[in-house]
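Hello,

Here is the structure I promised to hand over. Have a look at it first, and then read on for what was found in it.

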Amino acid sequence: MDNERLQAKRIKRIAFVSPQKLYYVEGGLKVGATARPNVSVPALLVLGMLKQEGYERFFVDAVAEAPGNLEEVAPGVFKAGLSNMQIADKLEEFAPDVVLTTAMFSFEYFLTNELVAELKNRMPRVPIIVGGIAATAHPHWFMESGAVDVTVLGEAEATLLPLLRELEKPDPDLRSIPNLVFLRDGKVENTRWIRQLGGTFPQFDYDSVLLLPDGGYRYDDRLTSRTETYRFGIPQGETRSCVFFGSRGCPMACDYCATSWRDGRMVRHMGAERLFGELKVLHEKFGVTIFYNQADTLGFHPEDKKFLALVAEYRRTHPEIVLNNPNAFFVRIFFKPDGSLDEEFVDLLAQAGFNVVTLAVETFIQRFNKKIDFKRITFEKIAALCDAIGRKGMKTDIYAIYCFPGQTEEEMLYDLRMFRELRGHVSDFSLYNLGYLPGTTYYEQALREGWFTEEQYKLQLHKGYSFHHLIDFFNLSKIETNRLKGLAAEFKAFVPVAEK
Ligand code: B12
Ligand code: SF4
C-alpha cells in the first residue's frame, strides 16, 4: 500500500463531519425547506457503531453549528454552515486518527470535495473516508478530489469496522474488503460491490450528535422545522427537536427517487418497542419534544401503527410531544381495501401528536405518479381526506412536483387546476421542480438517451441546480422554461401569504 495516509496506525479517535449544505434565496426570501440544521441519521448510526466498539468520537455538523453563515456560490445559491477552515480548526483540536464524512446529496457533492481538500491540507497524515448515498451512487466524483482515501459504498454497518481494523494492520490490504473504492499505487481501485442490507439497526449515538462540546443542545425547532406551517401549535422560544428513524427501504421505486435502488424494496423495521423507547429517552434525558420522522414509509409497516399507538398513550401524560413527517405520507395508506377513508388512522395521527400531515400527492398526472391510483383514489377522496385531517385539528401540507420529463403544457395546466381546487381543503403546498438524481431511473435514462452527460450534469451542479433551483438545461418538459416558471409562480400563489 503506497498511500502513506493508509499506513498502519493505532485508531482510537474518530471524527465524523456532516458538511455544509446549499441554501437558496428567491426574491429576497429563503426558499422552502432548504439547508435546515437537521439531525443527521447517518451520524447517529455510524457514531453509534463506533461507540459500541469503544472509539472516542467527535462530531461536527457544519450547518447546525453556524446556520447563519452564508457564502454565495451562484446567484441566489449559498453554501451554509461553518467554513471548511473552521471545521478543520475543530478537527485539529480533537486530533482524530481518521476522519469520516457523509455525502448524502449529489447536488452538494462539490461541498464535500471542498471540505476534504481543506482537511487534507491541514491534516496531511490523517486518512479521510467518505460514505453515504451520494458516495454510493458516484464514488469517482469524490475520489477525483484527490483528498479522499477511501469511499465506502452502501451501509457502513457491513464495511466500516472491517475497514478500520484493516487500516491498523502493518500492511493493510483493502482488496479483501468488499464495497470500497480507494487509492492504491496512485490509482483508484475498487472492490466488488455486494449489496448488504443490515437487518438490524445499531444503537444510535445521541450524546455525540445532539450535544455540543459545551453540553448545549444542537437542534432548535425554530431553525430545524421544515417551514412556518410546521411550527403550528409549537410554543415560542427554544424547543428541542430530534428525528426518529424506524425503517429503511421502500417498495415504490419512483422514477425520480434513489431510495429503493439503494435501500431495497423491502421495508426493514427496527420494531415499535425500540422506536418508542428511543423517543422516551430523547424526551426524558434530552428534553426533546419535537420529533421528525426521517424514514421513507411511515405508516406503511404494521410496526409503525403500533409505535403511533404507544406515542398516543404516552401523550396522555405528555401532551407537549409533537410528531412531524416532513418526508410525506403515502396517500393510499389512508384508505381501506374497500376504498373508504380510514378515519381511525387519521385519528391515530392526531392522538400521536402530529401537528401537520404532509401528503405526497406530487402530481395528478397518472403517468408520472406511481404512488396513487387515481381511479381508486379520486380527487374527491383526497379532498375528503384533507378535510378529515383538518377536523382532527391538524394542518395538511401537500407535496407537489413539476417539470417531469416530457410533461406537456396541458398536463401542467391540469395539475394547476386540480391543486387550485384542493387549495380550499389544505393549509399549505410544497412545490419542487423535479431534480435528476444519480441512482434513479430518470437519471439513468437521461445518460442512456443523451439528455445530458455526467460531465454536463456535474458542471450544472456548480450553478446550484437542485429541486429548489430549476436551471433551463434541466428543463426536459415540453414547456418553454420562462412559461414553465410562470406557471410554477401561479402555483406558488396558492401558498398562504403569511407562510411564505
Ligand atoms: C432524512 C433525509 C433528508 C433530511 C436530511 C437531514 C440531515 N441532516 O441529514 C432533509 C429533510 C433535510 C432532506 C432534504 C433533502 N433531501 Co433528503 N433524504 C432524507 C432521507 C429520507 C433519509 C436519509 C437518512 O438519514 N437515511 C438514513 C441513513 C442511516 O442512511 P444513509 O444516510 O444512507 O447512511 C448509511 C449509508 O449511506 C452509510 N453512510 C452514510 N454516511 C457515511 C459516512 C461514512 C464515512 C461511511 C463509512 C458510511 C456512511 O452508512 C449509513 C448507515 O447505513 C433520504 C432517503 C433515504 N432513504 O436515504 C433522502 C435523500 C437522501 N434526500 C434526497 C434529496 C434529493 C433531498 C433534497 C435535495 C430534496 C429536496 N426536495 O430539497 C433535500 C436537500 C436538503 C439540503 N441540502 O438541505 C435524496 C438524495 C439523492 C442524491 N443522490 O442526492 C434522497 C436519497 C431521497 C431521494 N429523493 O432519492 N433529506
Ligand atoms: S419518492 Fe418516496 S415513495 Fe417514491 S421511492 Fe422514494 S421514498 Fe419511496
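**The hairpin and its sheet**

E72 stands opposite F78 in β6. Another bridge of this strand links A80 to L70. Both belong to the pairing of β5 (residues 70–74) with β6 (residues 77–80), which is antiparallel and runs over four bridges. Strands here are DSSP runs of E with at least two residues, helices are runs of H or I with at least four residues, and both are numbered from the N terminus; two strands pair if DSSP finds at least two bridges between them. Two residues lie between β5 and β6 in this hairpin, and G76 in the turn has a positive phi of about 80°.

A word on conventions: this is a predicted model, in which local features need pLDDT of at least 70 and side-chain atom pairs count only at pLDDT 80 or more, while totals for chains, interfaces and linings use all residues. Residues are numbered from 1 along each chain as its sequence is written, and chains are lettered from A and ligands numbered from 1 in the order in which they are written.

**The seven-stranded sheet**

A second open sheet has mixed pairing and the order β4-β1-β7-β8-β9-β10-β11. Its edge strands are β4 (56–61) and β11 (187–190), each with a single partner, so one side of each is left without a neighbour in the sheet. On average, neighbouring strands of this sheet are turned by 20° against each other, direction ignored. Axes are lines fitted to C-alpha atoms, for helices over the stretch in contact, and angles run from 0 to 180 degrees between N-to-C directions.

Within this sheet, β1 (residues 13–18) and β7 (residues 98–102) pair in the parallel sense over four bridges, with I14 bridged to V98. Helix α3 (residues 84–94) packs on the sheet and touches β1, β4 and β7, its direction making about 165° with that of β1. Contact means C-beta atoms, placed from the backbone, within 7 Å.

**Ligand 2**

Around ligand 2 are C250, M252, A253, C254, C257, T259, S260, D296 and K371, counted when the C-beta atom, placed from the backbone, lies within 6 Å of it.

Best wishes

Terms used. Two residues are in contact if their C-beta atoms, placed from the backbone, lie within 7 Å.
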